[in-house]
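Please read them with the structure open.

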Amino acid sequence: MDIINSIDAFNEAKSVIPGGVNSPVRAFGSVNGNPRMIKSAYKCYLIDEDNNEYIDFIQSWGPLILGHRDADVIDAIKYTLEKGVSYGAPTILETELAKEIISIYDGIDKIRLVNSGTEATMSALRLARAFSKKDDIIKFDGCYHGHNDSLLVSAGSGCATFGSPSSPGVPSDFSKHTLVARYNDLDSLESCFKASNNVACVIIEPIAGNMGLVPANVEFIKGVRKLCDKYEALLVFDEVMSGFRAALEGANHYYNTEIDLVTFGKVIGGGFPLAAFGGRDDIMNMLSPLGNVYQAGTLSGNPIAVAAGYSTLLKIKNIKNIYENLENLAIRLTNGIKNKANNFGFNMQTCVRGSMFGFFFNNNEVKNFDDAKNSDTGLFAKFHQKMLQRGVYFAPSTFESGFICTPMNEETIDKVINDSEIVFDEIRNG
Ligand SMILES: *Cc1c(COP(=O)(O)O)cnc(C)c1O
């Protein structure tokens with residue numbers, strides 16, 4: 001596979017963009033590869049600057065559940081685009097998207113649109129703090145909620161208590177308000193509650209997709225809700241990735257739990273910068289201009305982004321058995337690769353939730369970030385590189401999820417499984 005144009009273009013990018021990318025994981029750092037510069041895409045395929053074609057399991061990191069350039073979404077975008085690109089004033093389309101999300105997702109009365117998942121979680125936390133009149137928050141190790149100061153916090157050493165900044169530039173004055181608990185571990189969560197009597201909310205990816213795919217178990221989520229009630233903290237589900245991906249109703253499909261606030265992103269923007277946070281009336285009504293919790297955005301609810309997201313939601317809602325079909329393909333893929341791996345003596349842990357899938361080169365079940373970090377990342381890097389050379393584009397890190405989109409079918413998946421057999425053979429015997 002020739003990637004000379006990608007190499008040249010990436011070098012050029014590095015001279016003007018830090019690391020050559022506008023979001024770090026795109027640099028392929030953890031798999032020692034040269035990222036492909038993408039020129040165009042269609043259905044489930046990406047095409048790079050050297051005209052190589054790849055089966056795309058990243059799909060813009062989740063948004064493109066209908067694949068690239070879905071005809072109905074493109075039509076909606078064009079139709080809206082020709083009338084104007086931005087007004088900075090309310091449009092009927094925003095109401096329609098809000099209604100659609102509220103009707104699909106149980107337990108929320110109102111939502112507000114923003115431009116990124118980062119903004120959605122930042123705003124949800126501000127609201128939770130204002131509502132509860134408390135300052136501390138609890139997050140879980142391995143969950144990612146965007147790059148807000150108060151969320152770029154990792155577990156301190158030893159038992160779970162107050163976190164420390166996970167990036168230079170985050171003042172410890174901010175991180176001291178964030179406690180970090182272990183995922184799928186109620187004792188750890190309760191010890192965080194006990195360490196602070198000032199917890200505004202617990203924020204969690206109910207189906208964690210940012211440490212690889214690691215879903216919370218049902219009892220754990222029930223316990224989280226109970227502890228939130230006991231300590232009078234709000235429960236915030238971050239469904240930026242899992243919303244409309246793990247199931248149409250998101251985590252509600254798996255956990256029958258009341259939540260106080262929820263964040264969405266990725267799929268609801270149909271590939272455009274659009275995200276949202278929502279929740280109960282009494283909480284959401286505290287937002288400006290109704291209440292005095294300030295939150296705003298020049299381009300929030302941008303009509304093109306809303307049109308793309310709305311047309312995506314309408315379409316997925318009307319495709320019969322869409323999530324069952326996507327899930328069957330995801331199971332076929334992960335089982336297929338795992339069988340091939342086992343034949344060559346490599347152990348794998350796999351997981352599927354709707355159109356999301358994950359796999360670890362790991363001997364043991366993965367229930368939290370510590371387990372995930374025990375995976376063989378060196379083996380993953382080799383696997384990733386060799387699959388890429390065969391035209392299979394997996395996320396360039398063990399700690400990311402993969403996605404199935406509707407243009408994929410059994411042949412797509414079987415090609416990938418066959419490639420994996422060749423790759424495992426090369427790694428074992430090459
Ligand atoms: C992607 C993601 C975010 C951040 O969204 P951005 O649009 O990248 O800011 C937040 N939470 C979760 C769960 C995500 O997967």
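Between which two helices does the loop that holds P289 lie? P289 sits in the loop between α8 (281-284) and α9 (303-318); helices here are DSSP runs of H or I with at least four residues, strands are runs of E with at least two, and both are numbered from the N terminus.

1. Basis. This is a predicted model, in which local features need pLDDT of at least 70 and side-chain atom pairs count only at pLDDT 80 or more, while totals for chains, interfaces and linings use all residues. Residues are numbered from 1 along each chain as its sequence is written, and side-chain values use heavy atoms, with hydrogens and water left out.

2. Backbone exceptions. The peptide bond between S288 and P289 is cis, with omega at about 10°. F28, which is not a glycine, has a positive phi of about 65°; F28 belongs to the loop between α1 (4-16) and β1 (38-42). Most residues other than glycine have a negative phi, and most peptide bonds are trans.

3. Domains. The assignment gives domain 1 (4-69 + 320-429) and domain 2 (71-318); such bounds come from an automatic or database domain assignment. Over C-alpha atoms, the centres of the two domains are 26 Å apart.

4. Extent of the interface. In contact (heavy atoms within 4.5 Å) are 33 residues of domain 1 and 32 residues of domain 2. The buried area is about 2,600 Å², with 62% from carbon and sulfur atoms; this is the accessible area (1.4 Å probe) that the two parts lose on being put together, summed over both. Y323, R353 and M356 supply 23% of the area that domain 1 buries against domain 2, more than any other three residues.

5. Polar links across the interface. The rule finds twelve residue pairs in polar contact, both residues at pLDDT 80 or more. A polar contact is a pair of N or O atoms within 3.5 Å; within protein, one must be able to donate a hydrogen and the other to accept it, and residues adjacent in sequence count only if both atoms are side-chain atoms.

6. The domain 1 side. Elements giving two or more residues to the side that touches domain 2 are α10 (322-343), β15 (349-353), β16 (356-360) and α11 (369-373). Of these, β16 gives the most, with four residues.

7. Salt bridges. The count comes to 19, a salt bridge being a side-chain nitrogen of Lys or Arg within 4 Å of a carboxyl oxygen of Asp or Glu. One crosses the interface of domain 1 and domain 2. R182 and D370 form a salt bridge, with their closest N and O atoms 3.1 Å apart. D370 also meets K373 in a salt bridge (4.0 Å, N to O); D370 and K373 lie three residues apart in helix α11, about one turn of the helix.
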